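Subject: The structure we talked about

Hi there,

Here is the structure I promised to pass on. Have a look at it first, and then read on for my notes.

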Amino acid sequence: MTTTTSFQPVLDRIAEEIAGLAERGTPADYIPALADGDPADFGMAVAELDGTVHGVGDWRRPFSTQSVTKVFTLALALAGEGDTLWTHVGREPSGDPFNSLVQLEYENGIPRNPFINAGALVVTDRLHRLTGDASGSLLAFLCAESGNPDLAFDPDVAASEAAHGDRNAALAHFMASYGNITGPVPDLLREYFRQCSLEASCADLALATGFLARHGLRSDGTRLLTRSQAKQVNAVMLTCGTYDAAGDFAYRVGLPGKSGVGGAVVAVVPGRCTLCVWSPGLDSRGNSVAGVAALDRFTTITGLSVF
């Protein structure tokens, strides 16, 4: 695809192909507030570096972003404390489910990467320590980068997650026992569940992720991350961003990406554009079936990938 080619025909073609997808997965029923999602729903947006957005389907419909927000808390925490962050969380794929406790004990409470739940809890704790308001900092950043001042958290989703958040509480308390959580665990869990309850659309998230395609530059031209830090975030997204299916995602899609159990996946083409696709039907590893298929088609049709 040349720089003068419009993304819109590509998106229209992908939407037609995805409409015929026979197997679309099932919603995340272990979070009651997400259980009623319709796997037939589908939206996709592409944001170019200058803020131009193309979309198809339900691309302006808000949904629960869930773990996609981990990309932004990671970037904000990394911007705030630099490489010190990496002494508290690793950069390696886990090979285990995203909510696993298995590795924490024999790795002394240091999570494998920032995108599994344990790692995201550490990052949120670090960001809260830096700002005094982790979820508020996240919301302000996303409102600014998306250009949508109406983004908000969904209190019903946050309450639903808190009511079924025993595993996350266990992870947080276990890491606190190793000194890798600095604040009170109840405060951390409140911030974390609130963070995951953010509602946004494909357009919002594609725009908000643009700083990673611009090598660390925000939409207003100011720098959030150094070029090296933006590379780090993209690299960890590629190797760890889709839970224990990251290898398959890299094989099929060939882009840094981050999924969430609300059905969204964001992806980055450095120097060119960012994408967000949403469909709430998930596979057994927690990734959107239609979303991954759509991104696979995008890179195949356009030839845009990091490889």
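Which residue of β8 does Ala 267 stand opposite? Ala 267 faces Leu 275 in that strand.

Before going further, please keep in mind that this is a predicted model, in which local features need pLDDT of at least 70 and side-chain atom pairs count only at pLDDT 80 or more, while totals for chains, interfaces and linings use all residues. Residues are numbered from 1 along each chain as its sequence is written, and side-chain values use heavy atoms, with hydrogens and water left out. Helices (H or I, at least four residues) and strands (E, at least two) are DSSP runs, numbered from the N terminus.

**The sheet**

Five strands make up an open sheet in the order β2-β1-β8-β7-β6, with antiparallel pairing (two strands pair if DSSP finds at least two bridges between them). The edges are β2 and β6, each of which pairs on one side only. On average, neighbouring strands are turned by 10° against each other, direction ignored (axes are lines fitted to C-alpha atoms, for helices over the stretch in contact, and angles run from 0 to 180 degrees between N-to-C directions). Helix α13 packs on this sheet and touches β1, β7 and β8 (273-278), with its direction at about 145° to that of β8; contact means heavy atoms within 4.5 Å.

At one end, β1 (residues 43-48) and β2 (residues 53-57) pair in the antiparallel sense over five bridges, with Gly 43 opposite Gly 57. These two strands form a hairpin with four residues between them, and Gly 51 in the turn has a positive phi of about 95°.

Strand β7 belongs to two hairpins. In the hairpin with β6, four residues lie between the strands, and Gly 263 in the turn has a positive phi of about 105°. Three bridges pair β6 and β7 in the antiparallel sense; Lys 258 stands opposite Val 266, and Ser 259 has Val 265 as its bridge partner. In the hairpin with β8, three residues lie between the strands, and Gly 271 in the turn has a positive phi of about 80°. Here β7 and β8 run antiparallel and are joined by six bridges.

Is β7 buried or exposed? Six of its six residues are buried, so β7 is largely enclosed by the rest of the structure (buried means under 20% relative accessible area, exposed over 50%, partly exposed in between, with a 1.4 Å probe and protein chains only). Ala 264, Val 266 and Val 268 are on one side, and Val 265, Ala 267 and Val 269 on the other.

**Salt bridges**

There are nine salt bridges in the whole structure, counted where a side-chain nitrogen of Lys or Arg is within 4 Å of a carboxyl oxygen of Asp or Glu. Arg 297 and Glu 17 form one, with their closest N and O atoms 2.6 Å apart. This pair links distant parts of the chain, α13 (residues 289-302) and α1 (residues 8-19), 280 residues apart. Arg 297 is partly exposed at 25% relative accessible area, and Glu 17 is partly exposed at 33%.

Glu 145 and Arg 214 form another, with the closest N and O atoms 3.9 Å apart. Both Glu 145 and Arg 214 are buried.

**Annotated positions**

The unreviewed UniProt entry has a "binding site" annotation that covers several residues, including Ser 67, Glu 161 and Tyr 243. UniProt positions are given in the numbering used here, feature names are shortened, and annotations may be inferred rather than shown by experiment. Ser 67, in the loop between β3 (63-64) and α2, is buried at 7% relative accessibility. Not counting residues up to four places away in sequence, Ser 67 touches Tyr 243, Lys 258, Ser 259 and Gly 260. Glu 161 lies in α6 (residues 155-163) and is buried at 8%.

Best wishes
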